[in-house]
Amino acid sequence: MSKVAQIALQAVRRELPGFPTSAGWCVAFAFEAIARVYETNRWLLYSRILDSVRADPDRSRWAVAVERAIDRLDWDVSAVDRDPAKAADRAALLKIIKPGDLLFSSVPFDEAPRSPRTAPDREGHIGIYVGEVDGVPSVAENTRAERGRWWGRKTALRLTPLQQWDAVTTLGRIPARWKP
């Protein structure tokens, strides 16, 4: 399992302190996991990654801006929409996805959601694929959606089966030799 996936899984299991537990902080959750692997802080990652789209890191913390940056950095493995609730799409995803990959789900402001599970607020969403947990392909996330499993008291940190996740619009992978 990748270090990013390990940390994300520990975070949703509430084994690591300091992760945002309030809903609406999916980007902060993902960047905190990545920052801990690279021994930096998530604010440096925001500025480093969002520079590629010339976004203001203090105003562009939405997953859709990060998704655009992943595409411009050429970190996207797939930009084909796949709905993991559909067996064929899930099988296609499982052929290319690896633990630690970033899953994005977003739609432009003027388009209707592609899946009933896509957030209607159009901010986009990001989660971290952690591989199989108890035999189930799973995503660690911070979400306001009523899905997945949480540990301890109910928070936005969830371990969600891939098939319950939103339509995947981009699958991103941090290059092995990348340094912040």
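The questions below set values against definitions.

This is a predicted model, in which local features need pLDDT of at least 70, side-chain atom pairs count only at pLDDT 80 or more, and totals for chains, interfaces and linings use all residues. Residues are numbered from 1 along each chain as its sequence is written, and side-chain values use heavy atoms, with hydrogens and water left out.

Q: Why are H2 and H3 called roughly perpendicular to each other?
A: Helix H2 (residues 26–37) and helix H3 (residues 42–50) pack at an angle of about 105°, with their axes 8 Å apart. Angles of 65 to 115 degrees count as roughly perpendicular, and H2 and H3 are therefore described in that way.

Q: Which residues of H2 and H3 meet?
A: Contact means heavy atoms within 4.5 Å. Val27, Ala28, Phe31, Glu32, Ile34 and Ala35 in H2 meet Arg42, Leu45, Tyr46 and Ile49 in H3. The residues of this contact comprise eight nonpolar, no polar and two charged.

Q: What makes S4 largely enclosed by the rest of the structure?
A: Buried means under 20% relative accessible area. Six of the seven residues of S4 are buried, so S4 is largely enclosed.

Q: How do you know that S4 and S5 pair?
A: Two strands pair if DSSP finds at least two bridges between them. Strand S4 (residues 136–142) and S5 have five bridges, in the antiparallel sense, and Glu141 stands opposite Arg158 in S5.

Q: In what sense do S3 and S4 pair?
A: Strand S3 (residues 125–133) pairs with S4 in the antiparallel sense over five bridges. Ala140 in S4 is the bridge partner of Ile128.

Technical notes:
Axes fitted to C-alpha atoms, helices over the stretch in contact; angles between N-to-C directions. Helix = DSSP H or I, 4+ residues; strand = E, 2+ residues; numbered from the N terminus. Parallel < 35°, antiparallel > 145°, perpendicular 65-115°, else oblique. Nonpolar A, V, L, I, M, F, W, Y, C, P; charged D, E, K, R; others polar. Buried < 20%, exposed > 50% of the residue type's maximum accessible area, 1.4 Å probe, protein only.
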